[in-house]
Amino acid sequence: MFEIWYQFTPRVSRYMFGINSHLGSLDGRLQVFHRKGLPHVIYCRLWRWPDLQNHQELQPGDRCEFAFHLKKDEVCVNPYHYTRVDVAALPQVLVPRHKDVPDSFPRLEDFSNTIPENTDLPSGSGTINDTAFNASDTPSPGYLSEEGDTTDSQGMDGIDMSPSPPGNAGENNTGNDLQPVTYREPEHWCSIAYYEQSTRVGEPFQACHPSLTVDGFTDPGNQERFCLGLLSNVNRTQQVEMTRRHIGRGVRLYYIGGEVFAECLSENAVFVQSPNCNRRYNWHPATVCKIPPGCNLKIFNNQEFAALLAQSVNQGFESVYQLTRMCTIRMSFVKGWGAEYRRQTVTSTPCWIEIHLNGPLQWLDRVLTQMGSPGLPCSSMS
C-alpha cells in the first residue's frame, strides 16, 4: 500500500504528489462542503469508515513515521495506516420539560470557609507518575485554596462527592415528559484565557487540535501552541516579567478519549485547580495540585462529568447550573497559590491561565435550556 502525504503550509494545503488543493484552511484542516476536518480523519471517513466522528476514534499504526499524533510537518493520510478504536459514548441525560421542574430547590450553602487552613488533604503516594497518562492513580499533595471569591466551591455541597457510575438522569422522576439531551463534540474542545494577576492579557486561544502547548515563546499563528511570549501588557510589573521568563516550554494539554491531561514541560512546576479532578479523590473542590516537571495529571473526565450531570438534574436547576464551575480549570506557572503559600488566590499569582471546556459547557447549556428557569426567585441575597 502506497503512502499518501499531506503537507501543511501557512496558507495553502498541498498533496505531496504535486496536486494543489483548494480545500485547505489556515489552521491545517481540510474543508469539504463547508465542513472542516483533520485531513487523516476525512480520508479515513471517505475510504474506510463513513460513520467516523472524530480523531479520537483513530489509532495510528506503530510503523507509520508520519502519523498525525507525531506532529510532523508532513502528515500521513493513508486510511490503512490507522485503526479504529471504540470510544465510550456518553450516556444521554434525561431532562424534564419546564413544567416538570420542581417549584423549589434545596438552598445551596457555602462551606468553603468551614475547613481549617491547616487541613491535611489526602496525597496518595505523594508523587505523580511521569509516564503516559496514568498520573491520576498517584496524585501529588493538594493545597486548599482560601479564595476570597467563594463561588468556586459553592453548590458542590449539595452533590454527592463520592464517585458514581454513569447513568441517565430522571430515573427517580415520576413524570413521563422527559427529553434526552446528548453530548456533542464541539469544533474547539477548549478555550484558554491568559491572566497576569487579575488582568486578562490578549484574546482567548481556541483549541481545535487534540494536543497543544501553552509556553513562554513567540511563535505566531501556530494552531497547536498558545505562545504567551507574544502577549504584551503596558501595566506589566517586574515580578510578572521575571515569572514569564521562567515559563519556558510550559505545559502540554491533551484531549484523548474524552479525558483531558496536563503535562508539565517546563523546568518549573505548574499548579492546577480542577474541581473534576478533586472530586475524583474526594478533595475539597478548591484544592490546588502541584505538577512537577516531567509529570502529568488527568484533570478532567467526560464520563465522570456525565454521571455528575445525571445526578444533578434530579436536584434541580441550581444544582445543574453550579456544574459550570466544574468545566473551568485554573493553572498557574512557576508560582503556586493556596493555604500552603502566601498567595491565597489565583489572581495573586503573576501568570496563570483559565481553561474553559467547551463540550461540557455546551452540554450544560442545552440541559439548562430544556429545564427552563430556576424555581428560587431572584433577590438581593441571591
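Residues are numbered from 1 along each chain as its sequence is written. Because the model is predicted, local features need pLDDT of at least 70 and side-chain atom pairs count only at pLDDT 80 or more, while totals for chains, interfaces and linings use all residues; side-chain values use heavy atoms, with hydrogens and water left out.

**Helix 4**

Helices (H or I, at least four residues) and strands (E, at least two) are DSSP runs, numbered from the N terminus. Helix 4 spans residues 302–313, and its twelve residues reach 16 Å from the first C-alpha to the last, close to the 16 Å expected at 1.5 Å a residue; the expected span is 1.5 Å times one less than the number of residues.

Nine of the twelve residues of helix 4 are buried, where buried means under 20% relative accessible area, exposed over 50% and partly exposed in between (1.4 Å probe, protein chains only). Among them are Phe 305, Leu 308, Leu 309 and Val 313. The buried residues pack against several elements, including strand 15 (251–256), strand 19 (296–301) and helix 6 (358–371).

**Cysteines**

The structure holds zero disulfides, a disulfide being a pair of cysteine sulfur atoms within 2.5 Å. For Cys 295, the nearest cysteine sulfur belongs to Cys 264 and is 7.8 Å away. Cys 295 is buried, at 9% relative accessible area, and Cys 327 is buried at 0%.

**Aromatic pairs**

Nine aromatic pairs are found in the whole structure. Rings of Phe, Tyr and Trp (its six-membered ring) pair if their centres lie within 6.5 Å; planes under 30 degrees apart count as stacked, over 60 as edge-to-face and the rest as tilted. Two of the pairs are tabulated below.

| Pair | Centre to centre | Angle between planes | Class |
|---|---|---|---|
| Tyr 183 and Trp 363 | 5.4 Å | 75° | edge-to-face |
| Phe 317 and Tyr 321 | 6.5 Å | 10° | stacked |

Tyr 183 lies in the loop between strand 10 (178–181) and strand 11 (190–196), and Trp 363 lies in helix 6, 180 residues apart. Tyr 183 is buried at 18% relative accessible area, as is Trp 363 at 0%.

Phe 317 and Tyr 321 both lie in helix 5, four residues apart, about one turn of the helix. An α-helix has 3.6 residues a turn, so residues three or four places apart point the same way. Phe 317 is buried at 10% relative accessible area, whereas Tyr 321 is partly exposed at 43%.

Methods
Contact means heavy atoms within 4.5 Å.
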